[in-house]
Amino acid sequence: CVLGEVLQEGGSVCVCVCVYISLTSDTQVMGPRRKASKLQPVGGSGEAELVLRPSEPKDYINELSHEVLCHIFRYLPMKDIMCMECLSRKLREAVTLYLRVVKVVDLCAGRWWEYMPSGFTDSSFLLLLKKMPDLEQLYGLHPRYLERRRVRGYEAFSIPGVLEALQACPNLLGVETSHLELVEAIWNYMPQVHILGKFRNRNGAFPIPAENKLTIPITAKIQTLHLVGVNVPEIPCVSMLRHLYLKWVRLTKPQPFKDFLCVSLRTFVMRNCAGPTNSLKYVPLVTGLASARNLEQLELVRVPFLGGLIQHVVEDSWRSGGFRNLHTIVFGACKNALEVDLGYLIITAARRLHELRIQPSLTKDGVFSALKMAELEFPQFETLHLGYVDEFLLQCKMSHSELVKYGLADVIENPGIITDIGIRVVNEVFTNIKYLLIYNCPHLHNPHQWITDQSRWGRLVDLTLVRCHAIKLESFSQFIELLPSLEFICLDQMFREPPKGCARVGLSAGTGIGVSSALVSNQNSNNDNDNNNNHNHHHHHHHHHHNNEANLPPAPPPVVVNNININNNNNNNNQRQQQQHNGNTVHLHLPPGPSGLVQQCRSAGVPVPKPPLVISDSDSEEEEGLVSRLMPASCLQQPASCTEGVSTTQNTPSCKGKTPLRRSNNVAVSVAASVDQTKAQVLESSCEKSCQVTSEQIKADMKAAVENSKRTSNKGVTTEAGETSTRPGAEGGPVRSTGSAGAAARTGVRPVTGSVSRVGPGVATSSLGPRDASRRPALLVGQGERQPVPAGSTSAAGSVSQQGQARDEDFVPRRPLTRSCTRMSSVSLIPETDLSRARPRVTVRRKRMADKSTSTSDPVTEDDHIQILSLKSKNLVGITLTNCGITDLVLKDCPKMMFIHATRCRVLKQLRVESAPIVNRFDYAQCKKLDMEQVLDQILRMPAERNRIIYMRPMHQIDSVALERQLFQGPYPYHIAIVHEFSNPPNIRNKVRIRSWMDTIANISQELIKYEFFPEATRTEEDLKKYPTYPWGRDIYTLEGLVDGAPYSMITDFPWLRTLRAADPNSYARYDFEDDESTTIYAPRRKGQLSADICMETIGEEISERRQSKRGVFQRVVVLFLHHCDTPGEPVDDDYI
């Protein structure tokens, strides 16, 4: 139809598009004039087509009125309007008319992040603005480069030239720019002009470049000022300013805030700025912020304001509205910030507050306990970030001293010390919390204890945990199951695998706060503990080694050693009360064995005295620096083990995760001990003399231990009570174990994790998951001629020594069980019952092996420690794992789960899907040990209720032939595509595009099966037997090509795809998007194949062919997308993961 007819129907936008496409097809700014007859044909809508051929004399464009053309120009970018000027006289007149009346111009066409068109000079820019006498607002004045001053005889684009052009517009009200020197010139020479939008300089960097300078005048008419990497003398009183964002800003005056007063301020962000080091100079800053009554967002990162200052300012200003409207409070690395500063802000802003980020030094129980006592309501609160560390500090490669050299405040952050009790209170204070992020809080252990009747976390939707290394996997799984609204889990650097060989040299596994056994004789490393994971016990005197260690009953663990609670499970007060009221308990007081466990050796039937029970003091704050204080045995108070029937186990008491006080005067002697032993213990009873360990002593002890082990005989039985060898560092004492977790479950005993410890290469027990239990037995491995300990025994304090025959087996396990295994060991604290006594004891002896490792770099052959994350959640949508140490992911019951992302999980191997019907996106990137066959089999065996895409970036070569055989030959009722992508650095265009069209392929098949009675394919046992060889009953073909220069290949049996890919574009074809899809595997939008219905028109012939040959189709499809950029074994850095 003719354009006139379209206009009569009011289709001005349609005309705009037609004219725009036809006129801008080949034009340049100020380019040569082209005749209208040279225009290329264009496709219009459906039937409407405008075709101008060279032979046609009629020029429809020039027949349009100026008004219509000006109307069209409103939809075009300024660059294209300028191009129009060169095409014809009529268009030039229309452009002139349009510019004469235009009031708002955007030189970047709404793309504020881009630069304005290049090619301007001072004279051409002046010429353009002179044509716009009514111009009021000029947006997008973002020149890529401006000269500072004019150069005679040289046409350039300079700051004086831009100012002259702007002054040629008499009605100019405002300009949007991002150029530091230009904005300062406008403030100086055109003070009446507003700075529009958000001023954000584009050349920010750290260290702060010396050439980036800006002086802010008091008269500046600006609402939003974002400065990054700029030198600023001071922040004055700017009455209009609403949003001030300072990042890497150097404040050069000694008193940069003395005139600070921005009463309209709504946002104040100050991050990592190089300001005054004297904290008193920040007083006017805080008082100025209090006077901004509408302040909504306050972010202070590395601002060394005076401690307690905010508290006093809040006290003075809250009645007049100071800080009352805050909805976001962020404290990060503020050196002197106190709990009262943060608390007063939170209390003042309680009504509006909805986001809070707290630095590690303020992430502590006391803050939330105090808020709880304030009894406030936070009706809008949603987001809490504990242990907040600014991303610049996390990503920065510079050392602390370098940061200080460049002017940043001298701050060193320690991890947050909040405990499980504090997190429990968090939800009692912020009942509506939706988003919780916890970073580097090493004192959190048992998330399932965060849930109580008062804190149910009923609205928590998103949970992110980063570097909380002490959190227990089993407890975390329980916690997830108890959260009713949780949708997203993000775990980063969590549940990391214990380092290989650490236990062999006495290092605390991977916590970074361990002490080598070369320095400390005997160590009980226990990851359940709060800060110091090392409990060291040493005795100056040596006892004779038992001749028959095989029949020793296992020993109960002590409670209080060296001010540190060994069995610290953050027990609550109920457990303590139960222990106080339990009268049927037995206490043993014997010298502890080498690994800190009291070795129990007394004859059957000997009565034991019952000293008073010591209750841990919860107020002790001694948490660090206690590693070297070694306590004598007589100071140990053995706690009562409490029983409720057979099925419950109470741990030893500890309060609030803090270390109990020492008790110095409890001297208890075993009745059956010899007189010499008694004297030795009495001599040792002074607790306060901490035993210093010397290297000579360690060597002597090791020598004695070796001699002892040589003399050890298996025949005789020694009944001397209390005589055990204290071989420091070299050999561990007996440790009891319940074997695998399954063994404990059979006897009705609830396993208590984490109370077995290990010294050097000493004794350890392992609790293995069900999969591992079948693969290798849970062995108790000692060193040398070691006493075997009954695996599976549930004996505890008060059990009698059993003289049953222990069967010795010379057995070398597949791997030495290091402390990495013992961390999650199941150790029962239940007194031995008839049930457990009746079971036979299986003992295993390990051959003598030379094991004198002194370095963690010694080669150690160990399997990965099994860590299983099992998920059961009714609302969980997705989980993201990054650098996590889990080996198995189990989806138990996740009806709404849709995606799994795992990146750089080094030991992640297997996936088990029990019930997760709609999960459809799996991303496994750079997971070195992933068992691809097992994972793919699990995914493809899920009921075919969804189309699924699996993205993998393997770090080793893939046997593609075997992979094809596994997928295409298997019993999987899907059409399958295997895509090999070789782009490096990784290009995700193919992956993103596949997601858009794989559903269309499946939808066509579903439509045919449901409504066209098309045969549905099956993969039953009969089908598998019927097609034993390639192509296994499938129509397999390969598509290959290049995307952005990198090859890809796709092996698939997708129906319809080849026909759709080869078809010509239809009338719905669209080319109006930037991303050029033409090089991707299949570009449906470029073909106009926008829905299954449209596609079915194209593939009619293929449909009838398949119907005649009675070849069925599957309703669902699976795409395996393999990115091979990491196959050499070196992970490629990638922004997308």
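## Phe 199 in strand 4

In this predicted model, Phe 199 lies in strand 4, which spans residues 194-200. Its relative accessibility is 0%, and because buried means under 20% relative accessible area, Phe 199 counts as buried.

The surroundings of Phe 199 include residues from other parts of the chain. Setting aside neighbours within four places in sequence, Phe 199 is in contact with Thr 177, Ser 178, His 179, Leu 180 and Val 183, and also with Ile 222, Thr 224, Leu 225, His 226 and Leu 227. One of these, Ser 178, is 21 residues from Phe 199 in sequence, yet the two C-alpha atoms are 5.5 Å apart in space.

## The crossing of helix 4 and helix 6

Helix 4 (residues 66-73) packs with helix 6 (residues 89-101) at an angle of about 65 degrees, and their axes are 9 Å apart. Because angles of 65 to 115 degrees count as roughly perpendicular, helix 4 is described as roughly perpendicular to helix 6. The crossing of the two helices is right-handed.

From helix 4, the residues that make the contact are His 66, Leu 69, Cys 70 and Phe 73. Helix 6 contributes Lys 90, Leu 91, Glu 93, Ala 94, Val 95, Leu 97 and Tyr 98. Sorted by class, the contact of helix 4 with helix 6 has eight nonpolar residues, one polar residue and two charged residues.

## Trp 450 in a loop

Trp 450 is placed in the loop between strand 14 (435-439) and strand 15 (462-466).

Not counting residues up to four places away in sequence, Trp 450 touches Asp 420, Ile 423, Arg 424, Ile 438, Leu 444, Ser 455, Trp 457, Ile 471 and Phe 479.

## Helix 17 and its packing

Phe 479, a contact of Trp 450, belongs to helix 17 (residues 473-482), where it is buried together with Leu 473, Ser 475, Phe 476, Ser 477 and Ile 480. Against which strands do the buried residues of helix 17 pack? They pack against strand 15, strand 16 and strand 23 (868-872).

## Strand 24 and its partners

Strand 24 (residues 878-882) is largely enclosed by the rest of the structure, because four of its five residues are buried. Strand 24 is joined to strand 16 (residues 488-492) by five bridges, and these two strands run parallel. Within this pairing, Phe 488 has Gly 878 of strand 24 as its bridge partner.

Five bridges also join strand 24 to strand 26 (residues 899-903), again in a parallel arrangement. Here Thr 882 stands opposite Thr 903 in strand 26. In a regular strand, side chains alternate between the two faces of the sheet.

Three strands form an open sheet in the order 23-25-27, with parallel pairing. Strand 23 and strand 27 (910-913) are the edge strands, each pairing on one side only. From one strand to the next, the twist averages 15 degrees.

Strand 25 (residues 888-893) pairs with strand 27 in the parallel sense over four bridges. Leu 889 has Leu 911 in strand 27 as its bridge partner. Strand 23 also links this sheet to helix 17, whose buried residues pack against strand 23.

Methods. Residues are numbered from 1 along each chain as its sequence is written. This is a predicted model: local features need pLDDT of at least 70, side-chain atom pairs count only at pLDDT 80 or more; totals for chains, interfaces and linings use all residues. Side-chain values use heavy atoms; hydrogens and water are left out. Contact means heavy atoms within 4.5 Å. Buried means under 20% relative accessible area, exposed over 50%, partly exposed in between (1.4 Å probe, protein chains only). Two strands pair if DSSP finds at least two bridges between them. Axes are lines fitted to C-alpha atoms, for helices over the stretch in contact, and angles run from 0 to 180 degrees between N-to-C directions. Angles under 35 degrees count as roughly parallel, over 145 as roughly antiparallel, 65 to 115 as roughly perpendicular and the rest as oblique. A crossing is left-handed if the near helix is turned anticlockwise from the far one by less than a right angle, and right-handed if clockwise. Ala, Val, Leu, Ile, Met, Phe, Trp, Tyr, Cys and Pro count as nonpolar, Asp, Glu, Lys and Arg as charged, and the others, Gly among them, as polar.
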